[in-house]
Amino acid sequence: MSFQKINIQDLQMNAWNDIGKHWMLITAGDDQKVNTMTASWGGVGVLWGQDVVHAYIRPQRYTKQFVDQQSCFSLSFFDDHKKELSVLGSVSGRDTDKIKDVDFHVTYLDGVPTFEEARLVFIVEKIYEDLIKPENFIDSSLNEKWYPDQDYHTVYIAKIKGVYVQKA
Ligand SMILES: Cc1cc2nc3c(=O)[nH]c(=O)nc-3n(C[C@H](O)[C@H](O)[C@H](O)COP(=O)(O)O)c2cc1C
């Protein structure tokens, strides 16, 4: 299996299904150490005249350290790997080599880590980040529901540098 770069205009994607229902991996690191986590919140779109993604990471995630250390990270999408994504979304890379445990294999696109098993990969570069703030909720019930521990997500907006799919 190998990846081919495609034009973003040729991409077939439904973010509600691909992110919300089937989930994605947020992955970052270098040639020494990589970490990944499952995410089902986020999106794709256009901002500041650029094709972008947005992703939301709570402060306690080990992956956040990797995303913060690097200028780029990847979003990876899969077919038929929900069991693996459940593990990668419930175990921390702090505690175990979870990538090895689920038998996923790291590969690099444009120098950014992703997985051989992915069907679709976005390589993205951070352009903006902010912290969700309790005082900015217009619907305060969301604050109460999602942040009883005040562990507010960092919002990352990142421009899409490359879109890759598995070669047929
Ligand atoms: C379906 C699913 C979706 C998730 N979405 C997010 C998310 O969008 N943001 C987040 O911070 N954590 C999310 N998580 C939780 C992290 O994936 C989980 O805490 C993971 O174990 C963190 O691993 P790490 O400590 O190695 O980074 C999600 C978990 C699952 C199972």
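Buried residues make up 29% of the 168 residues in the protein. Buried here requires 20 or more other C-beta atoms within 10 Å of the residue's own; exposed is 12 or fewer, partly exposed is in between, and C-beta atoms are placed from the backbone. This is a predicted model: local features need pLDDT of at least 70, side-chain atom pairs count only at pLDDT 80 or more, and totals for chains, interfaces and linings use all residues. Numbering starts from 1 along each chain as its sequence is written.

**Whole chain.** Show the cartoon. The protein has 5 helices and 10 strands. These are DSSP runs, numbered from the N terminus: helices are H or I with at least four residues, strands are E with at least two. The radius of gyration is 16 Å, close to the 15 Å of the globule rule for 168 residues, so the protein is as compact as a globular protein of that length. That radius is taken over C-alpha atoms, and the rule is 2.2 Å times the number of residues to the power 0.38. Along the principal axes, the C-alpha atoms fill a box of roughly 45 × 40 × 30 Å. Of the contacts between residues at least 6 apart in sequence, 71% join residues at least 24 apart. A contact means C-beta atoms, placed from the backbone, within 7 Å.

**The ligand.** Select the 20 residues around the ligand; Y62, T63, G89, S92 and G93 come nearest. A residue is near if its C-beta atom, placed from the backbone, lies within 6 Å. Elements giving two or more residues to this shell are β3 (34–39), β5 (50–57) and α2 (62–69). The largest share, 4 residues, comes from β3. Color by class: the shell has 8 nonpolar, 9 polar and 3 charged residues. Nonpolar covers Ala, Val, Leu, Ile, Met, Phe, Trp, Tyr, Cys and Pro; charged covers Asp, Glu, Lys and Arg; the others, Gly among them, are polar.

**Helix α2.** Select T63, F66 and V67, the buried residues of α2. They cover an arc of only 100 degrees around the axis, which puts them on the same side of α2. The arc is that of the directions from the helix axis to the C-beta atoms. An α-helix has 3.6 residues a turn, so residues three or four places apart point the same way. The buried residues of α2 pack against β2 (24–29), β3, β5, β6 (72–77) and β10 (154–166).

**Strand β6.** Move to the neighbors of β6. β2 and β6 run antiparallel, joined by 3 bridges. Strands pair if DSSP finds at least two bridges between them. Pick T27: its bridge partner in β6 is S74. β6 also pairs with strand β9 (residues 120–131), antiparallel, over 6 bridges. Here S76 has V121 of β9 as its bridge partner.

**The β7–β8 hairpin.** Select strand β7 (residues 106–109) with β8; they pair in the antiparallel sense over 4 bridges. L109 has V112 in β8 as its bridge partner. The hairpin has 2 residues between the strands, and D110 takes a positive phi near 55 degrees. Now β8 (residues 112–115): V112 and T114 point one way, P113 and F115 the other, and all are buried. In a regular strand the side chains alternate between the two faces of the sheet.

**Last stop, V52.** Select V52 in strand β5. Why does V52 count as buried? It has 21 C-beta neighbours inside 10 Å. Leaving out residues up to four places away in sequence, V52 touches G45, V46, L47, I157, A158, K159 and I160. Draw a distance from V52 to I160: 5.3 Å, C-alpha to C-alpha, across 108 residues of sequence.

Terms used: Two residues are in contact if their C-beta atoms, placed from the backbone, lie within 7 Å.
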